[in-house]
Every structure is written in structure tokens, then in C-alpha cells.
Amino acid sequence: MRKRSATVRVARWSALHPWRAVIGWFVFVVLCLGGGIAAGMNSATTEDFRVGEAGRAEALAAEGGVQLRPTEQVLIRAASGRQGRPGQTGQPGRLDKAQAEAAVRDITARMKALPEVASVAAPVRSADGRVLRIQVELNGSEQEDQEHVPPLREQTAQVAKAHPDLVIEETGDASVSKGVDDQRNEDLKFSEAITLPITLITLAVVFGSVVMVGVPLLLAITSIAATMGLAMLASHLLPDTGVGMSMILLIGMAVGVDYTLFYLKRERDERARAGGRLTSEALVEAAAATAGRAIVVSGLAVIVSTTALYLARDVIFDSLATGTILVVAVAVASSVTVLPALLVMLGRRTERREAKRLAQGKPVRAYGEKGPGRAWSALLAPARKRPALTLCLSVLVMLGLALPALTMNLKNPARDSFSREIPAMKGYDRLLDDFPEQRVRHLVVVRAEASRAADVRRALTALDRAAQADPLFSRPSGAPLLRSSEDGRTTTLELNAAHPTYSKKAEDSLAHVRETYLPATVGKLPGVETAVTGEVARGVDYVQHQNEKLPLVLGFLLLMTFGMTVYAFRSVVLGLLGVGLNLLSAASALGLLVLVFQGTWAEDLLSFESLGGISSRVPLFLFVILFGLSMDYQVFVVSRIREAALNGVPTRQAVLDGIASSAKVVTSAAIVMVTVFASFVMLHILEMKQMGFVLAAAVLLDAFVIRVMILPAALLLLGRATWWPSGAIRRAEARAAAQDRTGQITGADGGGGWAGAHSNAYDPLRVQTDRRAQTDPHRARTAQ
């Protein structure tokens with residue numbers, strides 16, 4: 001008898017002690033969640049986000065205490081209508097001087113009294129004189145600013161109530177950040193409300209049983225809960241950026257349901273083949289030997305692939321990687337530990353019900369394997385009948401979809417891309433209407449010896465004059481916006497521009513400062529250190545950072561994917577084929593993403609405002625996550641094919657049978673994944689929309705084109721060469737041929753099932769018979 005793997009041994013223990021396994025699992029979930037809550041979440045700080053020259057400039061400015069701080073802007077205007085009388089329509093009237101001065105004194109006094117406020121600037125009047133702007137600078141970092149918003153907004157609301165003839169509103173960095181986070185939380189609730197019903201319907205169609213529907217959902221939800229606790233603990237090693245929990249929900253529901261589907265499908269297949277001759281424990285053990293191993297290999301592939309994100313050396317990708325790795329590991333653990341126990345409990349319930357019906361003389365449902373159905377037979381027909389033509393046409397279609405990716409323009413989404421349903425964003429738009437120079441702030445940072453402070457200020461003043469003569473820049477007339485540290489070593493100059501942060505003009509204004517004005521002025525001073533930061537600078541440097549890391553991450557990803565495939569199937573050919581197919585599906589999905597989001601034609605359809613580009617994080621995220629998730633299908637489908645081939649079935653027939661037998665579960669898994677990912681397209685945050693869209697498109701293409709058209713066609717054309725350099729398949733076919741010649745095969749099913757030549761396959765009926773023979777030889781002979 002073959003030595004059982006660790007997966008089988010764990011499943012057997014769980015099957016023999018189901019209540020212990022179930023209780024142990026829930027104790028594990030509670031401990032993880034409780035430990036995480038007790039430890040709390042360690043959030044990333046401003047320093048963790050610094051990248052490139054912009055990050056260096058922020059470090060220099062922070063060291064001198066002259067960094068850009070989060071600011072809130074309080075706008076004061078007359079109510080609509082002439083002379084500011086309320087209740088009338090039309091453009092805001094002229095501000096009443098006395099009313100405006102009273103409101104300014106009130107808001108200034110209230111804000112200065114708050115501990116969250118660092119300073120309150122003098123009011124600035126708009127060009128048309130109708131609006132006053134009061135800038136409130138906050139204490140603390142940008143990551144803390146959301147905690148400071150409620151007290152400020154409360155004071156603004158009280159001032160507005162005390163001055164009913166004026167319109168007084170607040171917007172700014174902190175208000176927008178809080179509004180985005182609040183909207184993200186509401187979006188996630190909406191996504192869950194959509195995902196769960198569709199997942200339930202999909203599972204009900206697959207299994208036709210309400211009880212069976214609950215099993216995948218129960219494991220997915222408990223896995224997510226446990227992972228959230230573990231993520232809180234992990235945040236004390238790798239700080240959380242706020243996106244990790246979103247990734248746990250996104251990936252956890254997808255892989256949690258997928259892994260359970262794979263296991264349930266195999267347990268049902270074994271039950272159908274056994275025809276009532278095996279106990280529930282033996283059936284679960286058989287499923288663990290095949291689907292259990294596939295789940296472990298698949299999960300390991302996702303984990304190994306996701307570690308590539310750490311090579312990007314970016315705190316956001318670190319957070320995404322940590323959440324993904326943890327939730328996949330927990331989902332795999334649940335599938336190989338508590339799932340066997342649940343299946344045994346359900347199986348025993350079914351057996352008792354059937355025994356009762358038989359005792360009453362009533363018929364019981366006969367177990368039987370269902371074929372892939374007409375639809376899947378039709379989809380598989382082209383690859384079966386004309387593999388070469390199918391392969392060529394399918395690859396050409398995928399390459400055609402990938403072509404738009406060549407024009408991809410990477411952008412770093414900034415404040416201008418946020419949804420206008422956020423109240424603070426509506427105020428932000430009104431702010432920019434009256435004070436357009438507030439849209440972009442570049443901060444030039446200079447550090448030198450204190451004795452050079454006067455020279456530095458003169459050079460920065462010259463830089464300011466040059467910038468103001470450039471049409472790309474704008475600010476109200478007045479002195480340059482210079483600030484110096486207390487020790488005189490660090491000096492900053494703020495420059496303004498009236499362009500959207502993601503526009504080419506905004507990027508050009510930054511380039512003019514860095515490449516022209518700074519070298520021509522401050523750069524001529526000996527012994528000074530200079531750098532430029534700001535929202536535009538951060539975005540530009542971040543995109544450059546990602547572009548520099550992409551080759552390293554992609555190279556590691558390709559190498560790991562190839563290595564995992566060779567490890568799983570002992571085939572270099574399959575390793576190369578898997579890498580090629582993953583690249584093809586990722587490139588095609590990126591092409592569709594560019595086609596939809598880089599232009600403007602789909603803006604109304606999907607409720608977004610195009611950046612004229614793609615978020616810089618999306619391509620790297622897609623490659624890593626897709627390469628990992630596609631291994632789910634690759635491992636599950638090819639495992640069925642290899643299993644049949646190891647039983648002596650010719651490779652061509654093994655390919656057709658393996659893909660046909662896995663068609664329904666692969667389709668169901670794909671529908672669940674696409675549902676989860678597509679729900680993110682309906683969210684408000686553009687980056688999340690793009691991530692959801694590209695992952696949904698990639699999974700659809702992978703499941704319905706790669707696995708149905710390209711993979712079977714390629715394997716049919718390759719034939720036995722598929723398994724090179726392994727000789728296991730060749731030896732299995734030789735043994736099967738020898739047995740055919742000597743007439744020793746007595747019940748081969750031709751489809752690679754358990755009744756054929758068990759040279760390498762795990763045979764649950766034989767294992768159960770061997771166990772019975774140890775205690776009851778007569779019973780063993782009867783079972784045989």
C-alpha cells in the first residue's frame with residue numbers, strides 16, 4: 001500500500017474525529033481574531049510612503065520642521081442671489097464686509113483654540129472678490145489627519161449656523177481623505193451585498209443542496225475572520241496601509257470558495273464511482289489524496305507568486321502581499337483540516353437517511369457522475385476536432401485583445417480622480433473654481449549650512465520669479481511663499497499650478513522646476529542639497545519607482561511560476577506552457593483595461609472620470625495575483641489529466657477526459673471569482689474599479705479561452721511530449737499496454753478513474769479493503 005501524504009493523514013484524522021476538528025477550527029478562528037483585536041492595528045506612517053526624490057525632499061523638510069502639512073480650507077461666500085440674500089437663485093452676491101469680517105474672526109478664534117490646529121492663515125480673497133479662503137494647517141502627519149477632521153468640521157458647522165446670511169463650508173486634505181475612507185467602507189459593504197447572493201446562487205446550481213451551499217461560505221467567512229486577526233498581528237512587523245483588509249475580503253472569498261469547490265467536487269466524484277461501497281471517511285480520504293494535494297500546491301503557488309510583491313519595496317504592495325498570503329494560507333488550512341470533518345458529518349447524515357429509506361422499502365437516489373453538458377461539449381469541440389486551427393485562432397484573438405496594452409500610460413491617481421459624491425470633493429471643486437492655483441503645490445526643499453541661509457533665500461526668490469514668468473505656474477501676487485527652519489539650515493519654497501494633478505501640464509511644471517529652474521538658481525550654490533516634493537512629484541516618482549521594480553518582480557514571478565509548475569507536474573514543457581499562458585491572459589486583460597479606462601467612451605457606462613491612463617499599481621498587481629490565481633485552474637485541470645495518464649490512459653484521451661470532468665467546477669469557480677472581482681467595478685474609487693475590472697476580465701479569459709480552447713489544443717498537439725522529461729507517463733502507458741496484451745485488465749473505465757490500472761493512483765477502495773482485511777478477512781473478500 002502506498003505511503004499516505006501529510007495531506008491525506010490530516011484529512012483522515014479530521015474524518016475520524018470530526019467534532020474535534022470543527023471545534024478546533026472555531027477555536028483557532030476566535031484566537032486569531034481575539035489576538036488581533038487585542039494587539040490592534042499598526043498603521044503605516046508618512047515615512048513609510050516616501051519614494052524617490054519626493055521622499056527625500058519630505059525627509060529633509062520634516063527634519064527641519066518645514067514640511068507640507070495637511071491643510072483644511074474654510075470658504076466663506078454670500079448666499080445665492082443679489083446682495084447675498086438667502087433663498088434666491090443665481091450667482092453668489094458680493095460679500096457684506098461686516099458679515100464677512102465677523103465670520104472670519106469667529107472661525108479663526110475657534111480653529112486656533114483646537115489642539116489639532118497648528119496655524120490659521122489670514123483670509124485670502126478670490127479674484128472676483130466674492131469668496132474668502134482661510135487656510136487651516138493641522139498638526140500631525142497625513143496618516144493622522146482623518147482623526148482631526150471631526151472637531152474642525154464641527155466648529156465650521158457652528159460658525160455657519162451663527163452666520164445664516166453666509167455660506168461657510170470646509171474642504172481640504174483631511175476632509176477628502178476621511179471622505180474617501182468612509183466611501184470605501186460603504187463600497188465594501190455594497191460589494192459584499194452583491195457578492196454573497198450571486199455566490200449562493202452559483203453554489204446552489206452546482207450542488208443542488210442548501211446544506212452544501214453553506215459549507216463553502218462558512219469556510220470562506222471564517223477564513224476571512226481568522227485572517228483579519230492575523231493581519232492585525234502581522235501589521236506590527238509590516239505596517240498596514242488600509243488596503244490589506246480590502247485584499248483579504250477580495251481574495252479570501254474567491255479562493256476560499258474555490259478550494260472548497262474543488263474538494264467537494266472530488267468527494268462527489270469518488271462517491272459516485274464507489275457506488276455505496278465506501279464509507280464517508282474513505283471518500284474524504286480519497287478526495288484528500290487528489291483534490292487536497294491540488295489545493296495545497298495551488299495555495300503554495302499563490303503564496304510564492306505573491307511574495308514577488310515584496311520586491312517592489314513599496315509599503316502598499318507589502319500590505320497587499322501580506323493580506324493575500326495570509327488569507328490564502330488560512331483558506332488552504334481550512335480546506336485540508338476542517339472541511340474533511342464537515343464532509344464526513346454530512347456524509348454520515350446522508351447515509352443514515354438512505355438507510356432509513358431502505359428500511360422503509362423506499363428507493364434512494366443513485367449516485368452517478370454527470371457529464372460536462374451540451375454547452376461544455378460544444379465549447380470543447382473545436383479543440384478536440386481541430387486543435388491546430390483552434391490554437392492559432394485563439395492565440396490571435398488574445399494577442400488582438402492585448403494590443404491596446406502597448407499604448408498604456410501609467411498614472412498615479414490623485415485627489416482629482418476621487419468621486420464627486422464625497423461632500424468634501426464638491427467643496428474642493430468649488431475651491432478650485434475660485435482659487436485654481438490651489439490645485440497643485442510643488443515644494444522646493446533646500447538644505448545648507450545656516451551661514452548660507454541668505455544666499456539660499458535669494459536663489460529661491462530668483463527661482464520663484466522664473467516660475468511666475470512661466471504660464472504653467474500661477475499664484476496670487478505677493479511675496480514668494482518661503483519658510484525656513486529654526487536653525488536656518490532648511491528653507492522651502494512653495495510653487496502653485498492650476499492643472500489637474502495627473503495631467504501632462506502638471507508633470508511638465510514639475511519637470512521645469514527640477515530640470516531647469518532649480519539647477520539655474522539654487523543648484524549653482526556650492527554645498528547645498530535640493531529636492532522637490534508635492535502631490536505631483538510623489539506621483540511621478542512613484543510611477544518611476546514601479547517601472548524600475550517591474551522587471552525584477554516580473555522576472556521573479558516567471559521563475560517561481562515555472563518552478564512551481566515543474567514541481568507539481570514534473571514537466572518542463574508544462575512549466576513553459578503555464579508561463580506563456582499566464583502572460584497571454586495577463587496581457588489580454590491589460591489590453592481590455594486600457595481600451596475601457598484610458599479613453600473616455602466608457603465613463604458614463606462605468607461611472608468614472610478617465611485619467612487618460614492606468615493606475616500605476618494595477619499592472620504589477622495584476623501580474624502577481626493573476627499568476628497565482630490561474631494556478632488554481634492549472635493545477636486542478638492538469639492534475640486530472642495527469643492522474644488519468646498515470647493510470648495508463650493515452651494522453652489524448654486523458655486530456656479530453658480531464659478537461660471534461662473538471663469543466664463544471666472550473667466554470668463555477670470562475671463565476672464566483674468574476675462575481676467577487678466585478679463587484680469592485682461598481683465601487684467609486686477609480687483604482688479599485690480598475691483592479692476589479694482587470695482581474696474579472698483576466699479570470700474570464702483564463703477560464704473560458706485559455707483552459708477551454710488554448711490549453712487542450714496545445715496539450716493535444718504536444719501529446720506525450722507534454723510530460724517531458726518525466727518518464728512516468730511513458731512507463732504507465734507501457735504497463736497498460738502490457739496488461740492489455742496479457743488480458744489482465746478486468747474493469748478499466750477508460751476515463752482515468754479508480755477502476756483502471758492503479759500503478760500510481762491512490763485507490764480508496766483498495767485502502768479500505770486492506771484495512772478491513774487486517775481484522776476481518778471474510779468481510780474483506782466480500783468487499784472485493
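What share of the contacts in the chain with a separation of 6 or more is accounted for by residues 24 or more positions apart? In this predicted model, such residues account for 79% of those contacts. The chain has 784 residues, of which 55% are buried, and its secondary structure comprises 25 helices and 11 strands.

**Packing of helix 8 and helix 21**

- Two packed helices are described by the angle between their axes and the distance between the axes.
- For helix 8 (residues 244-274) and helix 21 (residues 651-679), the axes come within 9 Å and cross at roughly 165°.
- Helix 8 is therefore roughly antiparallel to helix 21, since angles over 145 degrees are counted in that class.
- The crossing of helix 8 past helix 21 is right-handed.
- On the side of helix 8, the contact is formed by Leu250, Ile251, Met253, Ala254, Val255, Val257, Asp258, Leu261, Phe262 and Lys265.
- Helix 21 contributes Ser661, Val665, Ser668, Ala669, Val672, Met673, Val676 and Phe677 to this contact.
- By residue class, the contact of helix 8 with helix 21 consists of 14 nonpolar, two polar and two charged residues.

**Ser419, a loop residue**

- Ser419 lies in the loop between strand 6 (410-411) and helix 14 (423-434).
- Ser419 counts as buried because its relative accessibility is 12%, and the cut-off for that class is under 20%.
- The side chain of Ser419 forms a polar contact with the side chain of Gln183, at 3.3 Å.
- With neighbours within four places in sequence set aside, the residues in contact with Ser419 are Gln183, Met425 and His684.

**Leu495, a strand residue**

- Leu495 is located in strand 9, which spans residues 490-497.
- The relative accessible area of Leu495 is 0%, so this residue is buried.
- When residues up to four places away in sequence are not counted, Leu495 touches Val440, Arg441, His442, Val444, Leu463, Asp464, Ala467, Gln468, Phe473 and Val513.

Notes. Residues are numbered from 1 along each chain as its sequence is written. This is a predicted model: local features need pLDDT of at least 70, side-chain atom pairs count only at pLDDT 80 or more; totals for chains, interfaces and linings use all residues. Side-chain values use heavy atoms; hydrogens and water are left out. Axes are lines fitted to C-alpha atoms, for helices over the stretch in contact, and angles run from 0 to 180 degrees between N-to-C directions. Helices (H or I, at least four residues) and strands (E, at least two) are DSSP runs, numbered from the N terminus. Angles under 35 degrees count as roughly parallel, over 145 as roughly antiparallel, 65 to 115 as roughly perpendicular and the rest as oblique. A crossing is left-handed if the near helix is turned anticlockwise from the far one by less than a right angle, and right-handed if clockwise. Contact means heavy atoms within 4.5 Å. Ala, Val, Leu, Ile, Met, Phe, Trp, Tyr, Cys and Pro count as nonpolar, Asp, Glu, Lys and Arg as charged, and the others, Gly among them, as polar. Buried means under 20% relative accessible area, exposed over 50%, partly exposed in between (1.4 Å probe, protein chains only). A polar contact is a pair of N or O atoms within 3.5 Å; within protein, one must be able to donate a hydrogen and the other to accept it, and residues adjacent in sequence count only if both atoms are side-chain atoms.
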